[in-house]
Amino acid sequence: MDLRFGDSKPTDEERAAVDALLGPPESSWEGADRSDADLRWARGGREARDRRDQLLPALHALNDRVGWISEGALDYVCRRLTVPPAEAYGVATFYAMFSVRPRPATVLHVCTDLACTAAGASELCAAVEARLGPESGVKVERSPCLGLCERAPACLAIRAGESARPALEDEAVQAEGGSGGAAPGDGKGKGRRGRNTLHATAVCAPATPDRAIAAATAPETAPAETAPETAVPQTGTPALTLLHRIGTVDPTSLDDYRAHGGYTALRRAFALGPAAVIREVTDAGLVGRGGAAFPTGRKWQATAAQPDHPHYLVCNADESEPGTFKDRVLMEGDPYALVEAMTIAAYATGAHQGYLYLRGEYPRALARLTHAIEQARTRGLLGDDVLGQGYAFDIEIRRGAGAYICGEETALFNSIEGHRGEPRSKPPFPVEKGLFGKPTVENNVETLVNVLPILTMGAEAYAAIGTPTSTGPKLFCVSGSVARPGVYELPFGATLGDVLALAGVRDNLRAVLLGGAAGGFVRPDELDIPLTFEGTREAGTTLGSGVVMAFDDTVPLPRLLLRIAEFFRDESCGQCVPCRVGTVRQEEALHRIADRTGAAAADDIALLREVGRAMRDASICGLGQTAWNAVESAIDRLGAYE
């Protein structure tokens, strides 16, 4: 039995929001007025089903315009896309940024994850809630990590409505006289669908009660967000490879980007040819920077060799790991570099369409990348004939909506396709059957941006950076109890102590979390750990995505562990039993022992170990497999409950 919405009807505003994205309905089967032809046959069913991937953008369109998704609006989307109502409801309720219940047009998301918790997020949230009552027209929501850890505590205000205009987008558009709009959509793979800009956003970090309330009550007039170069303490250092343009190049100017070496790598890629580009990436020893460390050249080669077409390229910009913000800084401070790197990756693997899956909590990155893609398209660097080489490639941005699990590549594919963001079983692997069932190469932002120096300096010179098995530079996200939090670029092989020395670690260091919530804690006497994939593995921890979060002895460790457990409980997609049940049991046990130590906690610690092993061995994806890591390391390395 399928879900039905009864007699619920969309309002004119909801209908307009959907039609602005999908175009007007063509028949009564899609919601138009009934005609004689509609009484004879159904029209548009197959075409509508081919547009199932527009479900997530349609939900965003409603959320941006109205602030929530009503039954009538969801029913109208289902008619337009021929999606069963139960499936559409399952998608709408999957994402934290959507609501299927009435709520105010303005939502203030206050980050309560690790760095913000240590910086007083709970007190901030309580103060804001006390001053913003129901009559304020603002809903305060406790949010997982907003990717602003270097400026904790942080909050994000979002106001829906036709009159709201996002200042960040206007800033990016005006910088080069852009139009600010795109042509309406024309089907899957074209990369030119219209953008719904009918909402305002304001980022407030570091946040105080007064600043948070000001951002929530008037996000469209809030002061401009801090420039991305403030998150790069090394700005201006000549030896930087990945961050050298941030702070010195106008991120909205394509001419400035090209004057500082932009598109040199793409021209060399065209001179080499696809096979030689893959060989360069392979010889350079580049591995994925998202945590799995899979060889990038092997992934590209496997995709390029597939006889099935079309091939797709997906950039995973959904960095939701607590403590991670390097991709945000790259996208905000050097957006054209990502556009160029995606073009090179697509050329090497035979893809003509790319999707950039971007966190919904990154409004500045959205504005900067949208502008960069439009400018590149206008200047012949994207489109049907890139750089006059007869190669066609275009990029479409897809906004996420608050789901940590969508950082897993197959969950991300499901999200783009209009399904719940749940991981798929493997095999088949994405290089064989990925997005839309076709061969797909997926890389994160940092991995792709590393391709540019490989082609400009050569594989041999790139491989000389770092260690023989972990080559090249690495970005580290340093936050917490340090004097200069931010993104740091060091060659692989630098020690944990080297990174913390640059950031200015404070006195009374209690612990350092490596790899984020899915990583592990190390002690203050373990700062000589080499920050390489093999070095951290030998030390019994993980490098992960490059999170280095320091905590002094003023931060209560049990409270942090409980927050990690709450995070995984909330973010589990619920598809597999070990993760769905295990994350809940882990949180329950940590609640019980929060104020107990020694023998009183022994039984629950034993239970935690048993549950942790079950999740690690039997969960379908990395979320469940790593949900126990940080808790285990805190118990074994730090003696958290002794």
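**View 1. The second largest pocket.** Helix α24 supplies the largest share of the lining of the second largest pocket, four residues. A pocket is an open set of 1 Å grid points where a 1.4 Å probe fits, with protein on both sides within 12 Å along at least five of seven lines, and lining residues have an atom within 4 Å of a point. The model is predicted: local features need pLDDT of at least 70 and side-chain atom pairs pLDDT 80 or more, whereas totals for chains, interfaces and linings use all residues. Residues are numbered from 1 along each chain, and side-chain values use heavy atoms, without hydrogens and water.

**View 2. The largest pocket.** The volume of the largest pocket is about 1300 Å³. Its lining comprises 48 residues, with G290, G291, A292, G407 and E408 nearest the centre. Strand β8 gives the most to this lining, five residues.

**View 3. The largest nonpolar core.** This core has 162 residues, and Y95, W300, L356, L358 and F521 have the most contacts inside it. Helix α16 (residues 335-349) gives the most to this core, with 11 residues. A nonpolar core joins buried Ala, Val, Leu, Ile, Met, Phe, Trp, Tyr and Cys residues through side-chain atoms within 4.5 Å; buried means under 20% relative accessible area with a 1.4 Å probe, protein chains only.

**View 4. Helix α17.** Of the 16 residues of α17, 15 are buried, so this helix is largely enclosed by the rest of the structure. Helix α17 is followed by G380, which has a positive phi near 80°.

Conventions. Buried means under 20% relative accessible area, exposed over 50%, partly exposed in between (1.4 Å probe, protein chains only). Helices (H or I, at least four residues) and strands (E, at least two) are DSSP runs, numbered from the N terminus. Grid points are joined across faces, edges and corners, and a volume is the space filled by probe spheres set on the points.
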